[in-house]
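Q: I'm new to this one and would like a close look at a single part. Could you walk me through it?

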Amino acid sequence: VRLYVHHFEVLDRAGKVAFSRGYLLHSNQQSQGIWATPLDLDRGVITGTPTPVAMDGLLPSTSADGTLVYKRMVGGSQQLAWVDRSGAVLGSIGQTQEWLAMPALSADGARAAVVGLDKGVASIWTYDVARGTRSRVEFGSPFVQYPAWSPGGDRLAVSAAWDIAIQGLDATGPPQVVAGGAVVQMEPSWSRDGRHVVFTVYTGKSDIWFAAL
């Protein structure tokens, strides 16, 4: 049990986890909301992928009968902004959304990618910096985070349900999964030539891996 408490502290820097009826419930301010991950507590083995439970919630707690109690996040919408090194706001990018996190700027500065919440669903959105228009990049998962631009600015690598996946901005098919499996894989980054993706793997400890494309 200690192993998996430590394991989810890595995913749950916001603070709290709860176990109920075969699921580990964990909140994460970075990826938004409360998620449930199937866990065999006797064997200490994760048996499935995280699924969203309450996208407007934090700090889960459960009663003996399995009722979930949590803190609901309230407040206004959020918007990307340019700031200088002193923290002064210089301007804004695009329209407001319910929640925004993990912004990444393309190498040429023309586009920004961000994890954004829209009608309770977290997705990867890209913004045209000059025009302020936005579009959704589909990864086929409700749990996406850490967008990273390819050197050419035509593809994004993300952590999608703990796999590392790549998708083109104009692609209509499924993304290319370059690192999958039953481990947590996060924080992708590209090599300068675009031929490798480097990422972090959590298996009770942190390791750096790379995938050749």
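Which residues does Gln97 touch, not counting residues up to four places away in sequence?

A: A quick note before we start: this is a predicted model, where local features need pLDDT of at least 70, side-chain atom pairs count only at pLDDT 80 or more, and totals for chains, interfaces and linings use all residues. Residues are numbered from 1 along each chain as its sequence is written, and side-chain values use heavy atoms, with hydrogens and water left out.

Now to your residue. Leaving out residues up to four places away in sequence, Gln97 touches Ser77, Gln78, Gly116, Leu117, Asp118, Trp125, Tyr127 and Arg134; contact here means heavy atoms within 4.5 Å. With Arg134 there's also a polar contact of 3.2 Å between the two side chains. (That term covers a pair of N or O atoms within 3.5 Å; within protein, one must be able to donate a hydrogen and the other to accept it, and residues adjacent in sequence count only if both atoms are side-chain atoms.) Gln97 is buried, because its relative accessible area is 3%, and buried means under 20% with a 1.4 Å probe, counting protein chains only.

Where does Gln97 sit? You'll find Gln97 in strand S9, residues 89-97; strands are DSSP runs of E, at least two residues long, numbered from the N terminus. S9 runs antiparallel to strand S8 (residues 78-83), and five bridges join them; pairing takes at least two DSSP bridges. Val83 stands opposite Val89 in S9.

Notes. Helices (H or I, at least four residues) and strands (E, at least two) are DSSP runs, numbered from the N terminus. Buried means under 20% relative accessible area, exposed over 50%, partly exposed in between (1.4 Å probe, protein chains only).
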